[in-house]
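Hi,

Here is the structure I promised to send over. Have a look first, and my notes on its pockets follow below.

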Amino acid sequence: MEFLLGLPLLGGIVLAIFGHRNFAAEINSAFSLLTLIAAAALTVKIVADGPQLLFEEQFFVDPLNVFLVALTAFVGFTTSLFSRPYMRIEQAHGRLSAGRLRLYHSMYQLFTFTMLLALTTNNMGILWVAMEAATLTTVLLVSLYRTAASLEAAWKYFILCGVGIAQALFGTILLYFAAEKILGHEGVALLWTHLNEVKGQLEPRVLSLAFVFLLVGYGTKVGLVPLHNWLPDAHAEGPTPVSAVLSGLLLNVALYAVVRCKVLADGALHSNLASLLMMGFGLLSVVVASFFLSRQKDIKRLFGYSSIEHMGIITFAFGMGGPVASFAGLLHMTVHSLTKSAIFFAVGHAAQKCGSQLIENIRGLIKLSPTVGWGLMLGTLAILGMPPFGVFASEFLILTTAMKEQPWATPILLISLGVAFAAIFGKVQPMVFGEPAAKRLPHKPAMLPVFMHLALVLMLGLWIPPYLAEWYRQAAKLIG
């Protein structure tokens, strides 16, 4: 546990000193690899010994968050591999100075640290602090190019998520207010494990209000409609590796915070208020994002809206609850993270090749660079839920559960998914198979992470390893 949190923190400090050097990208990847090894070791320990409380109960690791820790460390490592040639090409094109490269590398490691801290802490107050710190590090990353558009996107992100995180703080205070009457003033009233033990005794009215504020607050970070305005801009204007970790990781961490709060609300309220709110916000996000997709002209904004759609699907699944929907939600979290980050890797290299992020300017990738073209096409088919990719398996489970438990929502989901399919496929197909108009890149693109992610998504669509399936089941049981 010390290594898991200590390594990215140390990496941030080291790269704040050496982040402008030629070997900084290799140091960044090395620290990300060591963090992945630490996450794997922790995962093996939790699978073998069960949930653990560490450092005087301030940290808590169970099958739900250790699965997200492993996913975060893995995508963090593969994104660092992708960013090596990507950032060097950006520097060669004159878009980044040595100072900004140092800022990028140091903030990348600190961003990893804040996400891992949010996932492993047992203290709801520290969870809030970690989410705020993650916002601050990513604001600096989104504004890295210092163009008018990137500064506007960073300010929008900072202000909207700042307002959202303030709501979450008020929700956390209300949670403490409800808990201190039962747990006392000894400093355990914000520890999730203690709250979970006494959730049935918590004041229902206070907790229902607390959950509304927590859902709105952390829901802003998830990108749920109508709190989503920052997300497409942040994806479009920041460096592509930042888009990959924002979409693939930060949204998951924010949703994890919502799910932890839902477990407490369900136990205290003895009603389905939390479920209805999550299903409502989730369904609204799917519908709005699907219809906005057809209007996008920027490729990164397009997949930014796709992230809103998929986070809506996952939120809806967790809102439905039950073993199958929760299992499907966790599976969808995994395959969405892997697929979306792979898509952003391919999109980043495609935009560099064509010198533009505008969809109309990117054409004929299959002739220019077959690996980039196929990476984008396969990633697009995967994220659209085509069999046999893992997204199809998770969406199929969510839809069949909705047919049984929430039949009213099924046609809304199906129509939205159909609209999203037509919009995204219609835009990506000419980008891949049209007539080319681009040049060679000064550094060879890193396509290994793309096909590594897609291979894993394909495997999860065809076969889920038994230990992984058991892991999902245990986590789904914890969610309830």
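Which residues lie nearest the centre of the second largest pocket? They are Leu-384, Gly-385, Glu-395, Leu-399 and Leu-417, out of a lining of 15 residues. Please keep in mind that this is a predicted model, where local features need pLDDT of at least 70 and side-chain atom pairs count only at pLDDT 80 or more, while totals for chains, interfaces and linings use all residues. Residues are numbered from 1 along each chain as its sequence is written, and side-chain values use heavy atoms, with hydrogens and water left out.

A quick word on terms: on a 1 Å grid over the protein atoms alone, a pocket is an open set of points where a 1.4 Å probe fits, with protein on both sides within 12 Å along at least five of seven lines, and lining residues have an atom within 4 Å of a point.

Helix H16 (390-405) gives the most to its lining, with six residues; helices are DSSP runs of H or I, at least four residues long, numbered from the N terminus.

In the largest pocket there is about 510 Å³ of space. Its lining has 20 residues, and Ala-70, Leu-71, Tyr-467, Leu-468 and Trp-471 lie nearest the centre. Here H2 (24-49) is the top contributor, with six residues.

Best wishes

Definitions and conventions. Grid points are joined across faces, edges and corners, and a volume is the space filled by probe spheres set on the points. Helices (H or I, at least four residues) and strands (E, at least two) are DSSP runs, numbered from the N terminus.
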